[in-house]
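Thanks for asking me to look over this model with you.

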Amino acid sequence: METNNHSDEDAGVLASMGYAQELSRSMKGFSNFAISFSIICILAGGITSFQLGFSSLGGFGVAVGWIVGTIFATIVACSMGQIASAYPTAGGLYHWSSILGGRGWGWATAWVNLLGLIFVLASVNVGAYTLFTQLILGNIFGVDVSGWGYGHQIVGVSLIAASQALFNHVGIRITKILTDFSGYLILFAAVLLTVMMLYCAPGFHWERLLTIVNNTGAAGGDVFPHSDSLIYAFCLSLILPAYTITGFDASAHVAEETIDARNVVPRGMINAVLISGLFGFIMVCSFVLAMPDPTASASQGGDVFFNLLAQLPVPSWLRSLMYVMIVVANYLCALAGMTSTSRMVFAFGRDGGLPGSKLWRYVSPTYRTPVPAIWLVAVLSCAVTLYSSAFAALAAGCAIFLYVSYAMPIGAGILAQRKRDVMTGPFRLGSLSTPFAVITVLGSLMLVWIGIQPPNDILISYVVGIVVVLLAGWFLVEKKRFKGPPLGGLAPTVTETMLEEEIAEELSART
């Protein structure tokens with residue numbers, strides 16, 4: 001009874017914003033949390049990017065950098081949660097920016113967010129393929145994959161993306177089950193991995209976590225060029241938590257499939273960040289404590305974690321089990337990412353923001369999922385891996401640039417509040433709203449600066465190019481064509497009665 005009441009209320013809120021309830025609304029609180037928690041996936045970013053913290057300032061860069069990054073991510077999630085509580089729609093960020101900053105700002109937010117989501121999804125799938133071949137095929141089954149090349153990766157990543165698209169295609173229920181399982185898996189594997197590391201540690205040398213060691217340059221395996229500035233090196237260490245704790249906008253992207261979205265979505269985002277931050281902090285600190293020789297480990301650069309895990313004096317079956325859980329967690333991380341990204345495509349297409357929008361906004365009457373949008377995301381996520389040798393830098397950079405798409409509606413909200421009354425939802429920050437928004441905007445700009453430092457300075461030309469293309473695309477084409485979402489006052493409004501009739505007609509036609 002309560003669920004039905006919430007569903008009716010959710011559909012009414014959606015109708016008041018000018019949209020019919022097309023997607024299947026069946027996600028509850030844990031599932032909404034789990035999709036963001038799965039995309040954050042500390043077993044993905046926290047492991048594969050561990051060297052970004054350790055090769056900056058050693059244990060200090062890992063521990064203190066992670067704390068600073070988690071606090072910032074929590075502030076961002078709270079600011080996003082406040083807006084999501086007022087406007088619980090698929091597409092989230094794009095919709096909020098359109099309402100608070102105008103259709104041009106919303107259009108730009110959509111493209112920044114979409115590019116970031118696609119590149120991050122692609123990078124996780126490439127990581128899942130690499131981990132599968134090296135850890136499962138190589139280490140467990142003894143298959144020689146040293147001769148496997150780019151062609152094998154293309155086939156492998158394509159198969160992975162196709163399977164994830166198929167799961168998304170057949171309905172949100174199966175995706176929900178898998179992401180719920182992913183949430184439990186990540187917690188269990190992170191705890192087990194932490195226990196393994198601490199059990200095998202040569203001693204509890206807590207001072208390692210507070211000792212500043214400049215590992216830039218050769219000392220850190222040349223992950224970063226050498227720098228004598230410790231402040232600069234600490235800034236570089238923030239890439240580890242920033243790359244890991246991102247993608248939590250997924251809770252907002254599935255708002256139209258979540259029951260009691262105005263209350264559940266903010267909690268989902270914030271809890272995903274807090275729990276990931278806490279368990280991730282304990283986990284990455286255990287890596288530092290388990291090292292027999294931190295100096296020797298640092299010199300291994302990107303191989304530091306996997307060499308450490310391979311050398312742990314634990315039973316082979318336990319190590320193999322950990323390999324399997326890491327690979328599965330990465331696969332499910334990308335699965336949740338595809339769910340989030342496809343809803344972004346659906347929402348943007350619904351308002352005419354994409355070429356071929358009529359196709360991308362289509363929802364299957366059988367599965368109640370945006371099928372064309374799902375398969376478009378799968379194809380694009382594979383296509384961008386073919387781009388160039390700059391893919392790794394682009395993927396890492398776009399993960400950080402996602403924070404720019406987070407900051408865009410939040411920054412617009414500051415200005416909107418000064419000019420007019422802004423609709424609010426049940427979740428409100430009160431007096432913390434403006435300070436949190438300012439921190440979000442300034443912190444995101446700082447992350448962009450950090451993200452384009454060597455060796456990722458190749459991103460500078462791409463960033464400039466993207467800005468030029470967006471400006472040209474808006475002023476030359478989209479400014480006249482793109483109307484924006486109904487709630488932004490940029491499209492004709494409809495009465496609630498008309499919307500109810502429209503919903504009934506759509507559902508009747510599809511059944």
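1. A word on the source before anything else. This is a predicted model, so please read every distance, angle and area below as a value computed from predicted coordinates.

2. Next, the aromatic rings. The count for the model comes to 20 aromatic pairs. In one of them, F50 and F287, the ring centres are 5.4 Å apart and the planes stand at 80°; an angle over 60 degrees counts as edge-to-face, so this pair is edge-to-face. F50 belongs to helix α3 (residues 50–86) and F287 to helix α11 (residues 261–290), so the pair ties together parts that are 237 residues apart in sequence. Are these two residues buried or exposed? F50 has 0% relative accessibility and counts as buried, and F287, also at 0%, counts as buried too.

3. Y232 sits in helix α8 (residues 230–237) and W449 in helix α18, so here the pair ties together parts that are 217 residues apart in sequence. The two partners fall into separate burial classes. Y232 has 19% relative accessibility and counts as buried, because the cut-off is under 20%. W449, at 40%, counts as partly exposed.

4. Some rings also gather into a group. Which residues form one aromatic cluster? They are Y94, W107, W111, F348, W474 and F482.

5. Now for the backbone. Most residues other than glycine have a negative phi, and most peptide bonds are trans. With that in mind, please look at the bond from P454 to P455, which is cis, with omega near 10°. P455 is placed in the loop between α18 and α19.

6. C41 is not a glycine, yet its phi is positive, near 40°. This residue is found in helix α2 (residues 29–48) and counts as buried, at 0% relative accessibility. D260 is not a glycine either, and its phi is positive at about 55°. D260 lies in the loop between α10 (250–253) and α11, and its relative accessibility of 14% counts as buried.

7. Two threonines are worth a click. T133 is in helix α5 (residues 103–140) and is buried, with a relative accessible area of 6%. Where does its side chain reach? The side chain of T133 comes to 2.9 Å from the backbone oxygen of T130. Leaving aside residues up to four places away in sequence, T133 touches G138, V145 and W148.

8. The other threonine, T70, has its place in helix α3. With a relative accessible area of 11%, T70 is buried. Beyond residues up to four places away in sequence, T70 touches I245, V273 and G277.

9. My last point concerns L166, which lies in helix α6 (residues 150–169). L166 is partly exposed, with a relative accessible area of 48%. How far apart are the C-alpha atoms of L166 and L335? They are separated by 10.0 Å, while the two residues are 169 residues apart along the chain.

Technical notes
Residues numbered from 1 in each chain as written. Predicted model: local features only at pLDDT ≥ 70, side-chain atom pairs only at ≥ 80, totals over all residues. Heavy atoms only, no water. Helix = DSSP H or I, 4+ residues; strand = E, 2+ residues; numbered from the N terminus. Buried < 20%, exposed > 50% of the residue type's maximum accessible area, 1.4 Å probe, protein only. Polar contact = N/O pair within 3.5 Å; in protein donor to acceptor, adjacent residues only side chain to side chain. Contact = heavy atoms within 4.5 Å. Phe/Tyr/Trp six-rings, centres within 6.5 Å; stacked < 30°, edge-to-face > 60°.
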